[in-house]
Amino acid sequence: MLGPSEERESAAPSRDIFATTHWSVVLAAGHPDSPQASVALETLCRTYWYPLYAYIRRRGYGPEDAQDLTQDFFARLLKENYPGQANPAKGKFRSFLLLTLNHFLSDAHARAATRKRGGGRTVISLDAQVSEGHYRLEPVDELDPERLFERRWARTILDNALARLRAEFVSAGRAEEYGVLRAFEPGEQKTMSYAEAAGRLGVSESAVKSMIHRLRQRHRKLVREEIGHTVTTIAEIDEELRHLITVISW
């Protein structure tokens, strides 16, 4: 997990990421049949699937209803291109999603339609048992639906960045190296010393410290890129990062 000092160390992201940020692509498309916008929106849907599922469950819906409601909500989002009609100046993408979901849940007709299991097409193929399994691990008495949604958003951002970091090491044939260095990621319990890590990797302690520093730098950059997908200006990244650090500690 990132800490305040690491937030300050984070370098400003390249402006290039805003040429393809998912939120910007969806907004710029303006219509639902754009292949680029469809791919971008589906990617965003995958990122926010579980935070919204957890929110619906915390609102009191059972597992099957929550699965159907989440699926149907995203189906409507994709079909009617609600994001293309949104104004990013009025809020962040996650705020837009939550507001739109609340309107959706208050619609009695939509709610009744989604309860007809098997009646709609699958928009995003995700394992319902996995989602429910995650939800059962959530604290039952600490967070209201909105705060749970925010914390799941933050956790998803961090998990996505970590998955990308791991994939980069594996793709480069450095999976074993990552397996050692990941023990030194912020938020991880220290399970080995620098000397032990150096011995496992066959390098000096000084080299290990340099490798850990580069690992953390890359992780911070990936976290910022993940946040960047759901904002429209560079200035918003630091604001969102500060918010992420706050909510992850709830």
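Student: What makes the reach of α12 close to the span expected for its 13 residues?

Tutor: In this predicted model, where local features need pLDDT of at least 70, side-chain atom pairs count only at pLDDT 80 or more and totals for chains, interfaces and linings use all residues, helix α12 reaches 19 Å from its first C-alpha to its last, against the 18 Å expected at 1.5 Å a residue. The expected span is 1.5 Å times one less than the number of residues. Residues are numbered from 1 along each chain as its sequence is written, and side-chain values use heavy atoms, with hydrogens and water left out.

Student: How do you know that the span of α8 agrees with its 27 residues?

Tutor: The end C-alpha atoms of α8 are 38 Å apart, and at 1.5 Å a residue the helix should span 39 Å, so the two values agree. Just after α8 comes G173, which takes a positive phi of about 75°.

Student: How many helices and how many strands does the protein chain have?

Tutor: The protein chain has 12 helices and 0 strands, where a helix is a DSSP run of H or I with at least four residues and a strand a run of E with at least two, numbered from the N terminus.

Student: Why is α11 called roughly perpendicular to α12?

Tutor: Helix α11 (residues 205–228) packs against helix α12 (residues 235–247) at an angle of about 110°, with the axes 10 Å apart. Angles of 65 to 115 degrees count as roughly perpendicular, and that makes α11 roughly perpendicular to α12. The contact, meaning heavy atoms within 4.5 Å, brings V223, R224, I227 and G228 of α11 to I237, D238, E240, L241 and L244 of α12.

Student: Why is α10 called roughly perpendicular to α11?

Tutor: The angle between α10 and α11 is about 95°, and their axes lie 8 Å apart; that angle makes α10 roughly perpendicular to α11. On the α10 side the contact is made by Y194, A195, A197, A198 and L201, and on the α11 side by E205, V208, K209, M211 and I212.

Student: Why is G228 called buried?

Tutor: Buried means under 20% relative accessible area, exposed over 50%, and partly exposed in between; G228 has a relative accessible area of 1%, and is therefore buried. The residue sits in helix α11, and although G228 and D238 are 10 residues apart in sequence, their C-alpha atoms are 9.7 Å apart in space. On the α12 side, the buried residues are E236, I237, E240, L241, L244, I245 and V247.

Student: What makes S193 partly exposed?

Tutor: The relative accessible area of S193 is 38%, so this residue is partly exposed. S193 lies in the loop between α9 and α10, and its C-alpha is 9.5 Å from that of A183, which is 10 residues away in sequence. Of the 250 residues of the protein chain, 48% count as buried.

Student: Which residues touch the most other members of the largest nonpolar core?

Tutor: Among the 56 residues of that core, these are Y48 and L52; such a core is a set of buried Ala, Val, Leu, Ile, Met, Phe, Trp, Tyr and Cys residues joined through side-chain atoms within 4.5 Å. Helices that each supply at least two residues of this core include α3 (35–58), α8 (145–171) and α12. Leaving aside neighbours within four places in sequence, Y48 is in contact with F74, F93, R94, L97, F149, W153 and T230.

Definitions and conventions:
Axes are lines fitted to C-alpha atoms, for helices over the stretch in contact, and angles run from 0 to 180 degrees between N-to-C directions. Angles under 35 degrees count as roughly parallel, over 145 as roughly antiparallel, 65 to 115 as roughly perpendicular and the rest as oblique. Buried means under 20% relative accessible area, exposed over 50%, partly exposed in between (1.4 Å probe, protein chains only).
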